Amino acid sequence: MDFKSLMASQIAKSKPKPSPSPSQSQSPDPSTPSATQKYLRRAELEAAREAAYAAEQARIDAEREERASKKRKLEEEEAERAAVREEKKRRLAEESRKRRLEEEREEERKRRKRLGLPDLPDPAIEEGNKSSSTSLEDIPDDELRSKLRSLNEPAALYDESHASRLKRYHALTAPKSLKPKLSDGPIPTTLEPVPEKDMLLPSTLPAENTPEHAFLYRQLASYFTLLLREWSFALSQRDAAVKASTSGKAAHNSYLQVLKDLTPLFRRFERADLEHNLLDPICQIVRSAQARRYVEANDKYLTLSIGKAAWPIGVTMVGIHERSAREKLSESGEGKQAHIMTDEVTRKYLQSIKRCLSFAQTRWPPEDLGQLMG
């Protein structure tokens, strides 16, 4: 061996051996190209990445859908349980309300029986009346007006709405069995009359929206009906000569005027909407008349009609300075305003009450002559 060959072999031994590349050391992937392939294309790498991403997204969507279905199922079960609880609470509340109403009706029935008041109406009848009143057949306004004219009724009243006009038409055309029963007194009214022994008014006004308050209007209507009947009977018992005389005709005309003027008051009794500042004085007048204290009843009538306000008479202003007592003439405190001056209808039925008092003291004279009005 020559020197050149020897040196080449020694140099080759001294050089480090090259390490294998990573692609050659790893085991070949079946999804990748063969291990013998030295290079990969970018499209193959992108397709592999997209496939892995799609598989991961599908797994995530499946897990999300599973969680959503479990949550939906839990919510449906909770909603069913809540619906069952609400239905149970509603049923218990309805049963409790019916039981309470029945107990209240029973107590009210016992109280009415104790006081001698009429019994409560049947709830089924009240419900039927309410349903029949709310199910009125609607009629066009022009046709409704023509139908009212055909019945010789006003086509429209002042400030009357279509609903009120429709209700008036159905009341006119309703069968007689459905119409409210009117009393056969001098002034027909739908208020049921009370016996004469129950006409005495209580010493104090009952509270509003109570059965006693509604019964008070029946008492007032029954008392005035009794008084007007006695007045009519007294007029009919006169001699024919007295009836034909001027004074007899004037007395009869006065009675007819009282009937006409008291009719609005009876309508207020039916609606139970008389103001407290009129109802209380009228009750005081009637209460005194029932006790045959006619002077006291007349005083209460004067207080109601004229009031207690100061009435200036004669010279009210002297000089340039206004006196301190002048201020009292314009005061309108409690009990000082005269209600009889408020409107024409009120003035007329208050004057008719005064005429009824004048007849009552002749029909039921007081034991004390000092209680006679002048």
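Mentor: Start with a term: buried means under 20% relative accessible area, exposed over 50%, and partly exposed in between (1.4 Å probe, protein chains only). This is a predicted model, where local features need pLDDT of at least 70, side-chain atom pairs count only at pLDDT 80 or more, and totals for chains, interfaces and linings use all residues. Residues are numbered from 1 along each chain as its sequence is written, and side-chain values use heavy atoms, with hydrogens and water left out.

Trainee: Okay. Is Asn 152 buried or exposed?
Mentor: Asn 152 is exposed, because its relative accessible area is 71%. Its phi is near 60°, a positive value in a residue other than glycine.

Trainee: Where is Asn 152?
Mentor: In the loop between α5 (141–150) and α6 (162–173). Helices here are DSSP runs (H or I, at least four residues), strands likewise (E, at least two), numbered from the N terminus.

Trainee: How many helices and strands does the protein chain have?
Mentor: Twelve helices and zero strands.

Trainee: And how much of the protein chain is buried?
Mentor: 23% of its 374 residues.

Trainee: What does Gln 219 touch?
Mentor: Leaving out residues up to four places away in sequence, Gln 219 touches Val 194, Asp 198, Met 199, Leu 200, Leu 201 and Pro 202. Contact means heavy atoms within 4.5 Å.

Trainee: New topic. How do α10 and α11 cross?
Mentor: Two packed helices are described by the angle between their axes and the distance between the axes. For α10 (residues 276–290) and α11 (residues 294–305), the axes come within 7 Å and cross at roughly 165°. Axes are lines fitted to C-alpha atoms, for helices over the stretch in contact, and angles run from 0 to 180 degrees between N-to-C directions.

Trainee: So what do we call that pair?
Mentor: α10 and α11 are therefore roughly antiparallel to each other. That label needs an angle over 145 degrees; under 35 is roughly parallel, 65 to 115 roughly perpendicular, and the rest oblique.

Trainee: Which residues meet there?
Mentor: Those in α10 include Leu 278, Ile 282 and Ile 285, and those in α11 include Tyr 294, Tyr 301 and Leu 304.

Trainee: Last one. What about Ala 272?
Mentor: Ala 272 lies in the loop between α9 (246–271) and α10. Its phi is near 55°, a positive value in a residue other than glycine. Ala 272 counts as partly exposed because its relative accessibility is 37%.
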